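Dear colleague,

I am passing on the structure below, together with notes on what turned up in it. Please read the notes with the structure open beside them.

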Amino acid sequence: MKFKDIFKIKEDRSLYPPLNSEGKIDVDLSSHKYVKLWHGPQHPGITGNMSLELTLLGDEIMDCETHVGYLHRGFEKLMERRKWIQCFPIVCRITVPEPDYNEYCFAAGVEELAGIEIPETAKWLRTLTLEMARLQSYLMWIGGQAGSLGMGIVGQWSNYCRDLVLDRFEELTGGRIYHMYIIPGGVRGLLPDGFEKRMEETLKTIEEFMVDIDKVMFNNAVFKKRTVGMGYIDPKWIYQFGITGPNARAAGIPDDIRKKYPYLKYPELDFEPIVGKDSDIYTRADVRRRDLLLSVDLIRQILAKMPKDGDFKAPTPNVLHWQIPAGETFIRSECTRGEFAYYIVSDGSEYPRRINVRGPSYTHAVALLEKMIINTNLADVAGLMTSLHTYPPEIER
Amino acid sequence: MNTPLDNIRTVFPNADVWTQRQGLYHMSIPKEQLVALVTHLKEVEGYLHLVQLTAVDWIEKNLFQLTYILNNPIKKIDVMVKTFIPRDNPTMETIHHLWEQAATYQRELREMFGINFPGSPRVDKPFILEGWDDIPPYRRDFDTKKYAEETYFPRPGRETNDPKEYMKKKLYPDEI
């Protein structure tokens, strides 16, 4: 069978139900033609605490609705009732696998409103932490993407590698998952002795495992057959649906906030945004794999260039009476899933007026996923969803 | 000072435009012209990316502030478009025809602040809170502490500290 025949799209849609004026189907469950299925919240193929309400015809998805709210902790409201410094240990809990982007956006927003300039060493240490967070988040994602398509062993390797990065985080910050390291004004400490040597060992191990993962996953015939041409994101949708990060870059849009709106020490690092062109699950996976290796390279560059001592925190006022001048600001950074942004409003008091978090999953997992999933096979739902790299906690905050 | 948004002042004389820093501009406009301004920014000025849509509750002025953060990916400019609507029976025009994800933002604002967006898809369907019958919880007059005390109960033997007193004792013991 020729390649083009395998991926041929069936143009004859006469077997399928007609669409109504709103572009959807009229589902009549009593006709026994359709089945409603809840994919999640307790399902190994779902990325965290969310669920998809699927309407199936045979094993093809006819309609989908994303349900969130299983992990709503009301952080934005909690922060309105806490002093600025009390928000610092809260923000990292918004996104579980990648807390550092929350810490950075919150700290940078507070510093901008309060007019604080942070020391050089703190900027380097923040850049290092953000890249380490990116590395460990991608390692966790690789396991999820492989596992959702039936390759359990890749997840075991990548989670071993992630644990090594978490060990480095523990040395640097004292915490493995939540670091509470990037504090308004700077960071909480310098690099421990011998950190660079142990980090280099970790990076080498990751590179060795990535060679194996490349062979087992990316050159795997089953993985290719199930992902090439599957889950296509039209480049026209990028701004229509608010798609950012690797999902947009795999569609050929070279938007990387690290390069486009440089922050911290990224202008001093040598790198180019990773871009793909086919915009299917395979390309998105490949973009993330190359982005992971870019992170490894960036961590090496940071450790070679950064000063190892000096001030790491600018003086801040008595935190009990710290009043931030009235104003509002908007801070963005590039996380593994796309554009992560904070909108912070201060009314000049000791408490924030409003903090709003923009997580990239908010657009990817609701509007985009509900559109992409139509007419795919039930068996591909988990792989498709993981390829968008969504985290429900940042949808419901 | 010349800004990339100078021509906005010509087209929308009611709009108030000011600069915060390079690449971040603020814009304030009456409620009735907001959708026209946002459409103009998207279709004419190239602000293709809707980054955020959120609300701020100014309870003392009896107003809700709606903030639309738009981004121009070519010129690399962000603009915060703001409008104020009354807190009593708040209603705003929908922008889901411009951006698909706006429907999700509007659904959340309906649930969390009680701001209605007539015509927005699924706007009355619960998004995060299911079976909620209290006032919208992100409004300033919703008392989280009272709600928690009525709904949950403390674990026996649990020690609680007043955060302010505790921080004072730990961080600034010499302060009076």
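A charge is taken to sit over a ring if NZ of Lys or CZ of Arg is within 6 Å of the ring centre and within 35 degrees of the ring normal. By that rule Arg289(A) lies over the face of Phe218(A), at 5.3 Å from the ring centre, and Arg288(A) lies over the face of Trp141(A), at 4.9 Å from the ring centre.

Please bear in mind that this is a predicted model, in which local features need pLDDT of at least 70 and side-chain atom pairs count only at pLDDT 80 or more, while totals for chains, interfaces and linings use all residues. Residues are numbered from 1 along each chain as its sequence is written, chains are lettered from A and ligands numbered from 1 in the order in which they are written, and side-chain values use heavy atoms, with hydrogens and water left out.

On aromatic rings, the whole structure holds 18 aromatic pairs over all chains, where rings of Phe, Tyr and Trp (its six-membered ring) pair if their centres lie within 6.5 Å, and planes under 30 degrees apart count as stacked, over 60 as edge-to-face and the rest as tilted. One of them joins Phe64(B) and Phe113(B), edge-to-face, at 5.8 Å centre to centre and with 85 degrees between the planes. Phe64(B) belongs to strand 4 (residues 63-72) of chain B and Phe113(B) to the loop between helix 3 and helix 4 (144-151) of that chain, so the pair ties together parts that are 49 residues apart in sequence; helices (H or I, at least four residues) and strands (E, at least two) are DSSP runs, numbered from the N terminus. Both Phe64(B) and Phe113(B) are buried, a word used for under 20% relative accessible area, with exposed over 50% and partly exposed in between (1.4 Å probe, protein chains only). In chain A, ring pairs link Tyr104(A), Tyr263(A), Tyr266(A) and Phe271(A) into a cluster.

As for cysteines, there are zero disulfides over all chains, a disulfide being a pair of cysteine sulfur atoms within 2.5 Å. Cys92(A) is in no disulfide, and its nearest cysteine sulfur, that of Cys87(A), is 11 Å away. Cys335(A) is likewise in no disulfide, with the nearest cysteine sulfur, that of Cys105(A), 8.6 Å away. Cys92(A) counts as buried because its relative accessibility is 0%, and Cys335(A) counts as buried because its relative accessibility is 0%.
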